[in-house]
Amino acid sequence: MKKILDNLEEILGAFFLALMVSISFFNVITRYFFHFSMAFTEELTLYMFVWATMLGVSLAFKHGANMDVSLLYDRFPKSVRKYIYIFLMLMSIIFFLTLMYWGYVEVCDEMQMGVITEAMGLPVCYFTVSMPILSILTVVRISVHLVSDVRDGNY
C-alpha cells in the first residue's frame, strides 16, 4: 500500500495518459473509416488532461523538478539560500492551499447549480474536483520535500 501511495502520481498519470491516447486513437479511427466523430471523446480527453497536468505538478514538486530561475538565488551564500528556499516553498504551499480553497468553492457551486458536461451529460464536478484534491496532494509533496531538503541541506 505504501508503494502505491509513494507512486500515486506516476500510476494515475500513466493511467490517464494511456486512456487519453486510446480514446483519441479510437476517435481518429472512427472518423477516418466511418466518417463519424464522437464529441464526448474530445471532452473526456480534455478533462483527463487537466487531471494529468495536476498530477504532473505534484510529481514535479515530489522530485524537486519544478522549474525555477536561480540567477539571483545562486548568488547568495548557502546560509541565506536556506531561508529564501523555505520562503519560496511556503509561498508555493500558500498558492496551492488557495487553489484548493477556490477549487472547492467551484466544485460546490457546480454541484449546487447542477452543471453538466455538454457531450457526456455528466456532472462537471466529477472533473473539476481534481483541483482541490490534487492541490492537497501537491501541498503534501511540497511539505515532505521541504522538510527533507532542509534536513539534508539540499537547498
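Modeller: Let us begin with overall dimensions: the chain has a radius of gyration of 20 Å, whereas a compact globule of 155 residues would have one near 15 Å. The radius of gyration is taken over C-alpha atoms, and the globule rule is 2.2 Å times the number of residues to the power 0.38. Along the principal axes, the C-alpha atoms fill a box of roughly 65 × 35 × 35 Å. Please keep in mind that this is a predicted model, in which local features need pLDDT of at least 70 and side-chain atom pairs count only at pLDDT 80 or more, while totals for chains, interfaces and linings use all residues. Residues are numbered from 1 along each chain as its sequence is written, and side-chain values use heavy atoms, with hydrogens and water left out.

Biologist: How many helices and strands are there in the chain?

Modeller: Helices (H or I, at least four residues) and strands (E, at least two) are DSSP runs, numbered from the N terminus. Here the chain has six helices and zero strands.

Biologist: What span should helix 2 have, and how far apart are its end C-alpha atoms?

Modeller: The expected span of a helix is 1.5 Å times one less than its number of residues. Helix 2 (residues 8-34) has 27 residues and should therefore span 39 Å, which agrees with the 38 Å between its end C-alpha atoms. Just after helix 2, His35 takes a positive phi of about 50°.

Biologist: Which residues of helix 2 are buried?

Modeller: An α-helix has 3.6 residues a turn, so residues three or four places apart point the same way. Buried means under 20% relative accessible area, exposed over 50% and partly exposed in between, with a 1.4 Å probe and protein chains only. In helix 2 the buried residues are Glu9, Gly13, Phe16, Met20, Ile23, Asn27 and Thr30. The buried residues of this helix pack against helix 1 (2-6), helix 3 (39-63) and helix 6 (130-152).

Biologist: How many salt bridges does the structure hold, and which residue does Arg141 bridge to?

Modeller: A salt bridge is a side-chain nitrogen of Lys or Arg within 4 Å of a carboxyl oxygen of Asp or Glu, and the structure holds two of them. In one, Arg141 pairs with Glu9, with the closest N and O atoms 2.7 Å apart. This pair links distant parts of the chain, Arg141 in helix 6 and Glu9 in helix 2, 132 residues apart. Arg141 counts as buried because its relative accessible area is 13%. Taking contact as heavy atoms within 4.5 Å, and leaving out residues up to four places away in sequence, Arg141 touches Leu5, Asp6, Leu8, Glu9, Ser58, Phe61 and Lys62.

The side chains of Lys62 and Glu10 also meet in a salt bridge (3.4 Å, N to O). That pair joins Lys62 in helix 3 to Glu10 in helix 2, 52 residues apart. Glu10 counts as partly exposed because its relative accessibility is 30%.

Biologist: How many aromatic pairs does the count come to?

Modeller: Rings of Phe, Tyr and Trp (its six-membered ring) pair if their centres lie within 6.5 Å; planes under 30 degrees apart count as stacked, over 60 as edge-to-face and the rest as tilted. The count comes to eight aromatic pairs. Among them, Tyr47 and Phe127 are stacked, at 4.4 Å centre to centre with 10° between the planes. Tyr47 lies in helix 3 and Phe127 in helix 5 (residues 125-128), so the pair ties together parts 80 residues apart in sequence.
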